[in-house]
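Q: Could you walk me through reading this model, feature by feature? I would like the general idea each time, and then the case at hand.

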Amino acid sequence: MSKDYYNILGVEKRASAEEIKAAFRKKAHQHHPDKGGNEEKFKEINEAYQVLGNTDKRQQYDQFGSGFQNGQAGGGFGGQGFGGFGGGANINMDDLGDLFGGFGDMFGFGGSSTQRGRERGHDLEMSLAIDFLDAINGTEREISFSHFKSCHYCQGSGHAPGAKIDTCSACGGRGHINRVQRTILGAIQTQSLCSSCQGEGKKASLECSHCHGQGRSKQTEKIKIKIPAGISEGASIRLASYGDVGVKKMPAGDLFLKIHINKHPQFRREGDDIYSQTDISIVEASLGATIAIDTAHGPVKLKVPEGTQPQTLFRLKEKGAPRLHGRGLGDHFVRLQVKIPKNLNKQQRQLLESLKF
Ligand SMILES: [Zn+2]
Ligand SMILES: [Zn+2]
């Protein structure tokens, strides 16, 4: 929890030193435990005034905001570890200036040296090739993969059946080890996961022999998945919690299934549109015709008008891929290749000759 000292004293951020002092006196009076006030509240007011009532400390507090209190901003202080300011379990108020200096530096490094706590399991990735038409129409597939799952024998606890469970002696049940370093910049506290109990705070007299106390083991799994119609090349399907389960019942990561689409002999896809080409005769191009065009949704009749030029592109509306994000379908574009006849017989030759302009 972050503390807003200004809020605690009920003053604005730009309040003058006098205003802060006046507000502190009023609040302290109001909440004084000797006068039946709330002791916690009184302590909090005191703590706020210790900082805001001092020009230097107030300036540093303003600079780091209330984030410096909870240790979240630095990414490494782990909330529980730090005694907090003012009330400071083992931090002398006089050290505060130095401590702030220490924090300033720590912010710069983003708490890289510390570990916050037990982690969820890893995300996994695998790829799956599907056919062109399956990508257009959607399909169902069974995939088989191996990942860490909760250990059957200990139900993920990592403890041998019937083992005696005790508080971890290495960390005193906290699951993490705190180390306070006194540096010229002040006290810097780092927190690391207890390696003895892996953050659990408890330890069994005997570990599960199947998972060596990890609470998880590699297992092969088969699942059925639905691949949505219109999926595109390289798209990833997220299968929540099908990644590795974490150590000792920590949540599982996700499995990302990367889709590859096999080439089609006839069709090519661009976004939601499909392209193909088809041959027509010189007669059909010249006189016009109705021809059948193969699309991903079956054959469609196309009316070719007379005098159609080679390479003309025709659009078959909504015969493309379903739009994953939105409604309807893309289009199918077909390019007409006009076949020039070869090996004409004498009569055919004469007919063509007559077309010479
Ligand atoms: Zn086990
Ligand atoms: Zn421990």
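A: Gladly. Let us start with a term we shall need: a residue counts as buried when its relative accessible area is under 20%. Keep in mind that this is a predicted model. Cys211 has 3% relative accessibility, so Cys211 counts as buried. Cys154, with a relative accessible area of 7%, is buried too.

Q: Which residues coordinate the zinc ion (ligand 1)?

A: To read a metal site, begin with the donor atoms. Here the SG atoms of Cys151, Cys154, Cys208 and Cys211 coordinate the zinc ion (ligand 1), at 2.3 Å.

Q: What is the geometry of the site of the zinc ion (ligand 1)?

A: For this, look at the angles among the donors. Four donors count as tetrahedral if all angles lie between 85 and 135 degrees. Around the zinc ion (ligand 1) the four donor atoms make angles of 104 to 116°, and the site is tetrahedral.

Q: How are the donor residues of the zinc ion (ligand 1) spaced in sequence?

A: Their spacing reads C-x2-C-x53-C-x2-C. Now place two of them on the fold: Cys154 sits in the loop between strand 2 (139–150) and strand 3 (165–167), while Cys211 sits in the loop between strand 6 (202–204) and strand 7 (216–227). The pair therefore ties together parts that are 57 residues apart in sequence.

Q: Which residues touch the most other members of the largest nonpolar core?

A: To read a core, ask who belongs to it and who has the most partners. This core has 21 residues, and Ile143 and Ile259 touch the most other members. At least two residues come from each of strand 1 (124–130), helix 7 (132–137), strand 2, strand 7, strand 8 (236–239) and strand 9 (255–261). Strand 9 gives the most, with four residues.

Q: With which residues is Ile259 in contact, leaving aside its neighbours within four places in sequence?

A: Among them are Leu128, Ile130, Ile227, Ile231 and Ile237, and Ser232 and Glu233 are also on the list.

Q: How many helices and strands does the protein chain have?

A: For the overall view, turn to totals. The protein chain has nine helices and 15 strands, and buried residues make up 37% of its 357 residues. Of its contacts with a separation of 6 or more, 65% join residues 24 or more positions apart.

Terms used
Residues are numbered from 1 along each chain as its sequence is written. Chains are lettered from A and ligands numbered from 1 in the order in which they are written. This is a predicted model: local features need pLDDT of at least 70, side-chain atom pairs count only at pLDDT 80 or more; totals for chains, interfaces and linings use all residues. Side-chain values use heavy atoms; hydrogens and water are left out. Donors are N, O and S atoms within 2.8 Å of the metal (3.2 Å for Na, K and Ca); water is not among the atoms, so sites may look incomplete. Four donors count as tetrahedral if all angles lie between 85 and 135 degrees; four count as square planar and six as octahedral if opposite donors are over 155 degrees apart and all others between 65 and 115; anything else is irregular. Buried means under 20% relative accessible area, exposed over 50%, partly exposed in between (1.4 Å probe, protein chains only). A nonpolar core is a set of buried Ala, Val, Leu, Ile, Met, Phe, Trp, Tyr and Cys residues joined through side-chain atoms within 4.5 Å. Contact means heavy atoms within 4.5 Å.
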